[in-house]
Amino acid sequence: MKNNNLLKNIIIIILALALLFILNITLDSYKVRIVNLCSIYIILGLSMNLINGFTGLFSLGHAGFMALGAYTVALLTMSPQAKEVNFYMEPILPFLKDLNMPFVLALIMGGLMAALFGFLIGAPVLKLTDDYLAIATLGFSEIIRIIIINLQPITNGALGLKGIPPKNNAFFAAMLGQTPKINLLWAGVIAIITIVFMNLLMKGSYGKALKAIREDEIAARSMGINLFRHKVMSFTISSFMAGVGGGLLAISLGTIDPTLFKFSLTWNILLIVVIGGMGSIKGTIISAIIVTIGMEALRFLDESINLGFMQTPALPGLRMVVFSIILMMAVIFKKDNIFKSTLKKARGRYAKD
Amino acid sequence: MLKIDKATMRFGGVVAVNQLNANIKEGETVGLIGPNGAGKTTVFNMVTGVYKPTEGKIIYNPDGKKDIDLTLLRPDQIAKVGICRTFQNIRLFKELSVMDNVFIGNHLRLKSDVFSSALRLPAYIKQEKEFMEKSKYLLEKVGLYEERDEKSFSLPYGKQRRLEIARALATDPKLLLLDEPAAGMNPQETQELMAFIADIKKEFKLTIFLIEHHMEVVMGICEKIYVLDHGVLIAEGNPSEIQNNPKVIEAYLGVE
Ligand SMILES: Nc1ncnc2c1ncn2[C@@H]1O[C@H](COP(=O)(O)OP(=O)(O)O)[C@@H](O)[C@H]1O
Ligand SMILES: [Mg+2]
């Protein structure tokens, strides 16, 4: 029976890869971009679900960790020439200019950078009490953004970075006589690896220990689970995944700047996690796809709409309002025991008998 | 094995436990009784590190070698040196399956790190298998193997209590603390529970420290009994001594 399961999973993975390959060829470059975003948001959703859904902590720092990953990957993959063109206001630090790495290595570095910061912020906060984690991570994510704006010789400040080398399917596109599009397999394969990793992690002893912490901290530590160590571990892994997601986002957009990493980015991911179900891997995958496509489909809300008899004014941000309302509805109406138990736990943490 | 030495626990103005001295020897079954609010659960919370006593020491010596002062350890460290407990207000991992609840009790013995676990390296797989077998055995022992895939909150009350005991046993304790294990059970279930406690004590070579309201349980299985009232130790002795102690009759039975 176990082997059957393994076989089933391998078949699903092969089918997913084949699907990505076919979509890559048949869809136009705009749609390919959205499919690619779906993969990236799957990674980000799982990353947030690990900490907020499975471990029962409440972190709001994703935009910050993504920014760290994105800038790391951008700076490690851009050519010295591209960097020179970008940094016309203030020159880039000399050692950074020639720093260059293969894409995969850069992506790992991006993840590690985010993980390092995740550890540095997570350890002191989680040592005290995790009640402040939401505030601390939210603050951290804004601080990172402000540092990025001000650290011109490294980040190019508010101007951002342009010309991050894309990962295109140039080879197949040339064979088929198409113009190159984003190669869906990169983010796709990494999303699959993330899904497999999460499944194995949550199935194993550590995953169960994390869920135990979510369910009842007092019982968990009385069973010998070191709360601090497990929370920091979960938070650091989650940060790593967010950094990788940010790096992939940088590659697929080709351009990043500090405004990209505002709180609304974290909000989008939170929306995915809440709609998909706190602590559900399958739910997160489905909801990442729905939300990503939904975000695109609702883009018209931000623009001026011609109602035939009148033209509404453009309302940038209306899309976010609609999404926030959906989020609230999801929280209120979903029978999501885990979200509720997380809230309940936050309230009942001090009842100790 | 366990020596509680002038332990005091204050909460603001309330003295929940006052200068308590108690001694538990290896292999004993020791009872802790007293009216509601006497400070019994607080004693357990001090022994398991949930509360740090305001004053006093709690010395644990499982193997006759080195004394360990439990007041300096965290709850998870205390579990690792072989003390585990159940809770008066059942604290299961509600959304998790019956099997997972017991499995988690084994986690403190896991040697692999998180990556070996996620990559399912052989050393991890070997231990996981061992944990599964142990959990299965314990579930059969408490008669919950059939319900292994159900969420633990869906079990009836009595079974939840037994599951808590199985989960505690999975940590391989030497000293097991049971906080009102018979609460909410009918006489028949209580009888079974007593036999069960005697059985696991023998099989796992346990020392048992037990809080209980059902007098017949305490009198039936404890060799030694401590009586608390308003945080103060008012009597200690064997069951017949306690039963005939006028102070106990006044404080305890008077309230009942
Ligand atoms: N965390 C706490 N904060 C304040 N008072 C507490 C706390 N825990 C227990 N107490 C008080 O200590 C006293 C003893 O409680 P407890 O040990 O639960 O009694 P028992 O288990 O014997 O019924 C009670 O008066 C209770 O209100
Ligand atoms: Mg009590």
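This is a predicted model: local features need pLDDT of at least 70, side-chain atom pairs count only at pLDDT 80 or more; totals for chains, interfaces and linings use all residues.
**Entry 1: the A–B contact.** I began with the extent of the contact and found that 31 residues of chain A and 38 residues of chain B take part. Between them the two chains bury about 3,100 Å², and 61% of that area lies on carbon and sulfur atoms.

Entry 2: I then looked for charged pairs and noted 2 salt bridges between chain A and chain B. In the one I followed up, Asp216(A) pairs with Arg91(B), with 2.9 Å between the closest N and O atoms.

**Entry 3: the chain A side.** Here I noted that helix 10 (184-203), helix 11 (205-215), helix 12 (217-222) and helix 13 (227-253) of chain A each bring at least two residues to the side that touches chain B. Helix 11 of chain A has the largest share, with 8 residues. By class, I listed 14 nonpolar, 7 polar and 10 charged residues on this side of chain A.

**Entry 4: ligand 1.** Turning to the ligand, I found residues of chain B around it, including Phe11(B), Asn36(B), Lys40(B) and Thr42(B). Helix 1 (residues 40-47) of chain B gives the most to this shell, namely 3 residues, and the shell as a whole has 4 nonpolar, 5 polar and 1 charged residues.

**Entry 5: atoms facing ligand 1.** A backbone N or O atom of Gly37(B) is 2.8 Å from an oxygen atom of ligand 1, while a side-chain N or O atom of Thr41(B) is 2.7 Å from an oxygen atom of the ligand. Tyr51(B) places a polar side-chain atom 2.8 Å from a nitrogen atom of ligand 1. Last, I noted that the protein covers 66% of the 560 Å² of accessible area that ligand 1 has on its own.

Notes
Residues are numbered from 1 along each chain as its sequence is written. Chains are lettered from A and ligands numbered from 1 in the order in which they are written. Side-chain values use heavy atoms; hydrogens and water are left out. Contact means heavy atoms within 4.5 Å. Buried area is the accessible area (1.4 Å probe) that two parts lose on being put together, summed over both. A salt bridge is a side-chain nitrogen of Lys or Arg within 4 Å of a carboxyl oxygen of Asp or Glu. Helices (H or I, at least four residues) and strands (E, at least two) are DSSP runs, numbered from the N terminus. Ala, Val, Leu, Ile, Met, Phe, Trp, Tyr, Cys and Pro count as nonpolar, Asp, Glu, Lys and Arg as charged, and the others, Gly among them, as polar. A residue is near a molecule or strand if one of its heavy atoms lies within 4 Å of it. A polar contact is a pair of N or O atoms within 3.5 Å; within protein, one must be able to donate a hydrogen and the other to accept it, and residues adjacent in sequence count only if both atoms are side-chain atoms. Accessible areas come from the Shrake-Rupley method with a 1.4 Å probe; for residues, only the protein chains shown count as cover.
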